[in-house]
Amino acid sequence: MNILIFAGSTRQESYNRKLAKAAAAIAEQQGAQATLLELADFDIPLYNADLEARGTPADVIRLKQAMHSHAAWIICSPEYNGSYPALLKNAIDWASSPVKGDALWSDGTLPFRNKVVGMASASPGGMGGLRAQSHLAPLLLNLQCWVTPRCHAVAHAADAFDMQNQLQRSQDQQAMQALVEQVLWAARRFQ
Ligand SMILES: Cc1cc2nc3c(=O)[nH]c(=O)nc-3n(C[C@H](O)[C@H](O)[C@H](O)COP(=O)(O)O)c2cc1C
């Protein structure tokens with residue numbers, strides 16, 4: 001089973017990037033092959049239909065391919081103003097936009113349909129970014145993803161990781177293990 005893991009942040013010291021790395025390590029421990037995707041590695045402009053009409057950027061196609069080739073995903077999203085960040089929305093909007101005349105990518109939901117997606121978040125606040133997940137879930141469901149019942153929010157994220165960027169609280173470790181396990185469990189049943 002392969003699993004795609006990415007964060008909705010490109011910040012150097014991002015808690016959600018750390019969480020994504022922790023999730024990838026857990027997935028590998030559970031026998032999966034984890035692909036840690038960095039949105040910073042993708043040159044994706046702000047979505048604009050006029051721009052798109054001149055040709056879908058190559059890195060959008062690369063993102064679609066990465067999403068499509070993994071049956072299971074985990075998204076680690078920051079919370080911005082009670083929701084998920086524009087970076088994540090922009091990437092998902094581009095990835096779900098049909099490429100006119102393309103045999104494969106003219107189907108906009110293809111990269112998303114039937115993916116099993118686990119959500120996690122990390123925030124310096126006490127709610128751990130949970131409200132970002134409550135906005136992200138309907139977007140993913142609209143794109144025909146299967147969002148797992150389990151999720152996790154890492155609260156007080158400034159104290160959550162040790163020097164090696166490992167989760168240091170047992171409740172965070174256990175919840176992330178359970179989340180990864182459920183995502184892999186469900187994705188295996190879809191294959
Ligand atoms: C515009 C903006 C809005 C924010 N709104 C929230 C919020 O509603 N809830 C919250 O817990 N943190 C909020 N934060 C703080 C982020 O959780 C914090 O910057 C976090 O480190 C971002 O995630 P990252 O470390 O993965 O980059 C906000 C940050 C910014 C820049």
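In this predicted model, a polar backbone atom of Gly 82 lies 2.9 Å from an oxygen atom of the ligand. Ser 123 places a polar side-chain atom 2.6 Å from an oxygen atom of the ligand, and a polar side-chain atom of Glu 79 is found 2.6 Å from a nitrogen atom of the ligand. On its own, the ligand has 620 Å² of accessible area, of which the protein covers 70%.

The surroundings of the ligand comprise 13 residues, and the closest are Arg 11, Ser 14, Glu 79, Asn 81 and Ser 123. Sorted by class, this shell contains six polar, four nonpolar and three charged residues.

The description now turns to the sheet. Five strands form an open sheet with parallel pairing, in the order β2-β1-β3-β4-β5.

Strand β4, residues 116-122, runs parallel to β5 and is joined to β5 by six bridges. Within this pair, Val 116 is positioned opposite Trp 146 of β5.

Helices accompany the sheet. Helix α1, spanning residues 15-29, packs on the sheet and touches β1 (2-7), β2, β3 (72-77), β4 and β5. The direction of α1 makes about 165 degrees with that of β1. Helix α5, formed by residues 130-142, lies across β3, β4 and β5, and runs at about 160 degrees to β4.

Note on methods
Residues are numbered from 1 along each chain as its sequence is written. This is a predicted model: local features need pLDDT of at least 70, side-chain atom pairs count only at pLDDT 80 or more; totals for chains, interfaces and linings use all residues. Side-chain values use heavy atoms; hydrogens and water are left out. A residue is near a molecule or strand if one of its heavy atoms lies within 4 Å of it. A polar contact is a pair of N or O atoms within 3.5 Å; within protein, one must be able to donate a hydrogen and the other to accept it, and residues adjacent in sequence count only if both atoms are side-chain atoms. Accessible areas come from the Shrake-Rupley method with a 1.4 Å probe; for residues, only the protein chains shown count as cover. Ala, Val, Leu, Ile, Met, Phe, Trp, Tyr, Cys and Pro count as nonpolar, Asp, Glu, Lys and Arg as charged, and the others, Gly among them, as polar. Two strands pair if DSSP finds at least two bridges between them. Helices (H or I, at least four residues) and strands (E, at least two) are DSSP runs, numbered from the N terminus. Contact means heavy atoms within 4.5 Å. Axes are lines fitted to C-alpha atoms, for helices over the stretch in contact, and angles run from 0 to 180 degrees between N-to-C directions.
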